[in-house]
Amino acid sequence: MNNDRKEHLKQVKRIVVKVGTSSLTHSTGLLNLNRIENLVRQLSDVHNRGIEVILVSSGAIAAGIGKLGLKTRPKTIPEKQAAAAVGQGILLHMYEKLFSEYGKIVGQILLTREDVSHRMRYLNASNTFYALLEQGVIPIVNENDAIVVEEIKFGDNDTLSAMVASLVNADLLVLLTDIDGLYDSNPKNNPNAKFIHYVDEITEDIVNAADGAGSSLGTGGMITKINAGKIATSYGSSMIIVNGDAPNILNNILDGKDVGTFFKGHKQPLQARKHWMAFGTKTNGYVIVDAGAETALIKGHKSLLPKGILSIQGSFSEGEVISVLNINKEEIAHGVTNYNSTDIDIIKGVNSC
């Protein structure tokens, strides 16, 4: 397994690195300048190796908290937006200044879930990333916290970074965090927790191992990183969860050293459009189907016919993405509908001509 990891890492040409709030700030909420400088130096060195680099960085709200002199993290969306509006400029200025010392150019991209859910906006975002990478620019990505509302939030930058990895067809996603990687139980609660070095497939046991919440400054925990792994690996990208404080960690990863927890990308990844439908879209309604339709969809890879539809929920138009649920109301698929919700309600259960 370690040889498999080394072979993959030898071939990495494009890397997405995500750094969380807890890795960028002190316990006071103020930016940890030493950590940021160290991260920039490592990313610049990786770039010098001929590897394209995309940085997904949290920290805008935390930077705003420090600048505004707030004692605690804001609780309401408007307060968080205000802190982000102040902090995002501070954070980018910091990155721009530090990267320029190593001769690197950075560009800012702020995204919301809507930018990924809408097919044309998704493709436009992808084109922007590729244009920047072709010019040797290091894109710095964050959620657009200054305007985002609950309905269009990614919610955490682990998920955002996994979607960015699919947007740019990255070979590797690295999640820098404040622990060494994934354990079979929470090491903060269990001193006998065993470290997991290699994950060939994200099973229910892996999901169950990922308990525990994030820090008081961040929004993610280990479970969000496992969910990010599902998104990244299903597209063919491998992923590593690793302690961002470890010395020279990015070069050690790329040199194939056994650090962090390595998640192997799927050998037969989902096609780009299917991956977007599965993970990138926000569904506008759902249909419940019978057992025969479920079998045809999952095992036969067939299109859904009206005869197998039992009921619908929500209002949607032709061409929108909807969820497909089985009779137990478990989600089994996403798909683009050829009919609007009114028409489907009329033709459900009817044999096709």
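# Salt bridges and helix packing in a predicted model

Trainee: What do the side chains of glutamate 52 and arginine 14 do?

Mentor: The side chains of glutamate 52 and arginine 14 come together in a salt bridge, at 2.6 Å from N to O. That term means a side-chain nitrogen of Lys or Arg within 4 Å of a carboxyl oxygen of Asp or Glu.

Trainee: Before we go on, what kind of model is this?

Mentor: This is a predicted model, where local features need pLDDT of at least 70 and side-chain atom pairs count only at pLDDT 80 or more, while totals for chains, interfaces and linings use all residues. Residues are numbered from 1 along each chain as its sequence is written, and side-chain values use heavy atoms, with hydrogens and water left out.

Trainee: Thanks! Back to that pair: where do glutamate 52 and arginine 14 lie?

Mentor: Glutamate 52 is in strand 2 (residues 52–57) and arginine 14 is in strand 1 (residues 14–19), so their pair ties together parts 38 residues apart in sequence. Helices (H or I, at least four residues) and strands (E, at least two) are DSSP runs, numbered from the N terminus.

Trainee: Is arginine 14 buried or exposed?

Mentor: Arginine 14 counts as buried, with 16% relative accessibility, whereas glutamate 52 is partly exposed at 24%. Buried means under 20% relative accessible area, exposed means over 50%, and partly exposed is in between (1.4 Å probe, protein chains only).

Trainee: How many salt bridges are there by this rule?

Mentor: The count comes to 10 salt bridges. One of them joins arginine 5 and aspartate 258, at 3.7 Å from N to O. Arginine 5 is in helix 1 (residues 2–10), while aspartate 258 is in the loop between helix 11 (249–254) and strand 10 (261–263), so to link them the pair spans 253 residues.

Trainee: And how accessible is aspartate 258?

Mentor: Aspartate 258 is partly exposed, with a relative accessible area of 40%.

Trainee: What does lysine 225 pair with?

Mentor: Lysine 225 forms a salt bridge with aspartate 158, and their closest N and O atoms are 3.2 Å apart. Lysine 225 sits in helix 10 (residues 222–234) and aspartate 158 in helix 8 (residues 157–167), 67 residues apart. Both lysine 225 and aspartate 158 are buried. Salt bridges that share partners join Lys18, Asp158 and Lys225 into one network.

Trainee: New topic! How many helices and strands does the chain have?

Mentor: The chain has 14 helices and 14 strands. Of its 353 residues, 49% count as buried.

Trainee: How are two packed helices described?

Mentor: By the angle between their axes and the distance between the axes. Axes are lines fitted to C-alpha atoms, for helices over the stretch in contact, and angles run from 0 to 180 degrees between N-to-C directions.

Trainee: OK, at what angle do helix 3 and helix 5 pack?

Mentor: Helix 3 (residues 33–48) and helix 5 (residues 77–100) pack at about 50°, and their axes are 10 Å apart. The two helices are therefore oblique to each other. Under 35 degrees counts as roughly parallel, over 145 as roughly antiparallel, 65 to 115 as roughly perpendicular and the rest as oblique.

Trainee: Which residues make that contact?

Mentor: Leu33, Ile36, Glu37, Leu39, Val40, Leu43 and Ser44 of helix 3 make the contact with Met94, Tyr95, Leu98 and Phe99 of helix 5. Contact means heavy atoms within 4.5 Å. The residues of this contact divide into nine nonpolar, one polar and one charged. Here Ala, Val, Leu, Ile, Met, Phe, Trp, Tyr, Cys and Pro count as nonpolar, Asp, Glu, Lys and Arg as charged, and the others, Gly among them, as polar.

Trainee: How far apart are the axes of helix 4 and helix 5?

Mentor: The axes of helix 4 (residues 60–68) and helix 5 are 6 Å apart, and the packing angle is about 95°. That makes helix 4 roughly perpendicular to helix 5. The residues in contact include Ala60 and Ile61 of helix 4 and Lys80 and Ala83 of helix 5. The contact divides into 10 nonpolar, three polar and two charged residues.

Trainee: Last one: where is isoleucine 51?

Mentor: Isoleucine 51 is in the loop between helix 3 and strand 2, and at 7% relative accessibility it counts as buried. Leaving aside neighbours within four places in sequence, isoleucine 51 is in contact with Val12, Lys13, Arg14, Ile15, Val46 and Leu254.
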